[in-house]
Every structure is written in structure tokens, then in C-alpha cells.
Amino acid sequence: MSLSPLSPMDLHAAVVCITGGGSGIGLGLAEEFLKAGSTVIITGRRQGPLEDAKKKLSKLHTFQGDVSDIESRQKLVAWLLENFPKLNILVNNAGIQRRVTAAEETDDWSERALELKINIEAPVHLMHLLTPHFRKQPEACFMNVTSGLAFLPTAFAPLYGATKAAMHSFIMSSRYAYEKTNIRLVEICPPAVKTNLGDKNSRNHDYGEPCNEYGLEYWMRIYQDQPD
């Protein structure tokens, strides 16, 4: 079922920003958007992965910035609106998963706060900043990457699952308002996918569905306007 009465989006004319787009699911979606003819901007905290992505996909535009930081988010949006005034799709993909339980927590609060900021504060804030601009576009869409762990709590990453559950709740609650506008609100809910998801204390997410296979599978659903 389509998420709205709107016709499928014109992806050839779309201008897309993907946070955390230098690797993993974000980069996979960036590649598919490019194939469809979209203009694609990816963001990330580290310049290295952005440069590597640019070498692989020369048509990409990149912006180095930290979505955990309020001022950096504001700078990103200002840069996007100045350089890509027809921006109409945001993919909130950036995220970290800390495999630390509350009882085992030994790091200072900043480590846990970073997970909260990137996984829930950043996507909600970016949607807040871009909604006025998106309302002026012929059609627009917020795509938010959550997780199967939003629905199935896990002991090894409790805060990660909680942030994804919160984001799922926010999306579901916000759809009532957004469906009255030209803006679609989409939730991308991956299963376990092999990516570099993690933080400095975690190994990569080296199990689950191959990232390229998941990206292609999900892309077909976007292309058919059946993302959920």
C-alpha cells in the first residue's frame, strides 16, 4: 500500500541528502538514487569515507559534518539550502550502536549521550529544520532509518534499541500531521545487515544480510512506492 494518495515520486528530479552516507546502507541507497537520476548529497563525520565514496561514485556531493552537534546540523541545512535549493528528500541514516548494558557502563556520560544525539535528536531536529523548506517543494519526503530492534528489545544494545523505538513512535505519531501536506514520512526498518555500525568500542556489525543485497531489495520497494 502506498503511504499517501500522492503519485510515485519523480526520482529523476529528486535532490537527496543522506546522513551517514559514506558507507553501509546509506552508501547503498546513494548509489541507487544516482542510478535513478537523482542528485545525491552524503554527509558524515569523517572525511576519509566521504572521499572513498566519491571515488566510487563520482557524481556524489559530500559534506563533512557531525549530526550529533546542533550547530553542525544548522550549518548542514544552511549549506544544503544555499547550494541545493530544490532539495526534497532527506534520508536520516546516521546512527551508532553501542553494545554496552546499563549495568556494565564504564564510559563517561558523553559516550551514551552521543548515541542519543545521533540516533534520535539529530533526525528529529533535521526534520524540524527542513520541514518549512520541504513544504514549498512540489513533493518531498523524510526517510528515517530505524531498526528491527525498535520492535524486539535486545540485551546487548539496550539504548540503541530504545532510540530506534522512540524514532518509530515519533514517525507513527507524526504521520497524521504530515499526511495533510505534500511531505511523505517513511520508515526504513532494516533487519540485521552487515555494515560498519558501531562505535569505537564495538566491532563492526559483521553478521546479517549482505548490505548490497538489502540495499537493492529495499530500493525496489522505494521505486515502487511501497517502502513499508
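Tutor: Let's start with H4 (residues 109–134) and H5 (residues 158–178): in this predicted model, their axes come within 9 Å and cross at roughly 15°. An angle under 35 degrees counts as roughly parallel, so that is how H4 and H5 run relative to each other. H4 passes H5 in a right-handed crossing. On the H4 side, the contact uses Arg 112, Glu 115, Leu 116, Asn 119, Ile 120, Pro 123, Val 124, Met 127 and Thr 131. H5 answers with Leu 159, Tyr 160, Thr 163, Ala 166, Met 167, Phe 170 and Tyr 178. Sort the residues of this H4–H5 contact by class and you get 11 nonpolar, 3 polar and 2 charged.

H4 also packs against H3 (residues 70–83), with the axes 10 Å apart and an angle of about 35°. That crossing of H3 and H4 is right-handed too. From H3 come Ile 70, Arg 73, Gln 74, Leu 76, Val 77 and Leu 81, and they meet Lys 117, Glu 121, Ala 122, His 125, Leu 126, Leu 129, Leu 130 and His 133 of H4.

Now for the core. The largest nonpolar core has 26 residues, and Leu 80, Leu 87, Leu 90, Leu 130, Phe 134 and Phe 142 touch the most other members. At least two residues of this core come from each of strand E1 (15–18), H3, H4, strand E5 (140–145), H5 and strand E6 (183–188). H4 gives the most to this core, with 6 residues. Zoom in on Leu 90: leaving aside residues up to four places away in sequence, it touches Cys 17, Thr 19, Leu 126, Leu 130, Phe 134, Cys 141, Phe 142 and Met 143. There is also a second, separate core of 24 residues, which includes Met 9, Phe 33, Leu 57 and Met 143.

Cys 17 turns up again around Thr 43, a residue of strand E2 (residues 39–44). Thr 43 has a relative accessible area of 2%, so it is buried. The C-alpha atoms of Thr 43 and Cys 17 are separated by 7.5 Å, although these residues are 26 residues apart along the chain. With residues up to four places away in sequence again left out, Thr 43 touches Cys 17, Ile 18, Thr 19, Gly 20, Gly 21, Gly 22, Leu 50, Phe 63 and Leu 76. Leu 76, remember, is one of the H3 residues that meet H4.

Terms used
Residues numbered from 1 in each chain as written. Predicted model: local features only at pLDDT ≥ 70, side-chain atom pairs only at ≥ 80, totals over all residues. Heavy atoms only, no water. Axes fitted to C-alpha atoms, helices over the stretch in contact; angles between N-to-C directions. Helix = DSSP H or I, 4+ residues; strand = E, 2+ residues; numbered from the N terminus. Parallel < 35°, antiparallel > 145°, perpendicular 65-115°, else oblique. Left-handed = near helix turned anticlockwise from the far one by under 90°. Contact = heavy atoms within 4.5 Å. Nonpolar A, V, L, I, M, F, W, Y, C, P; charged D, E, K, R; others polar. Core = buried A, V, L, I, M, F, W, Y, C linked by side-chain atoms within 4.5 Å. Buried < 20%, exposed > 50% of the residue type's maximum accessible area, 1.4 Å probe, protein only.
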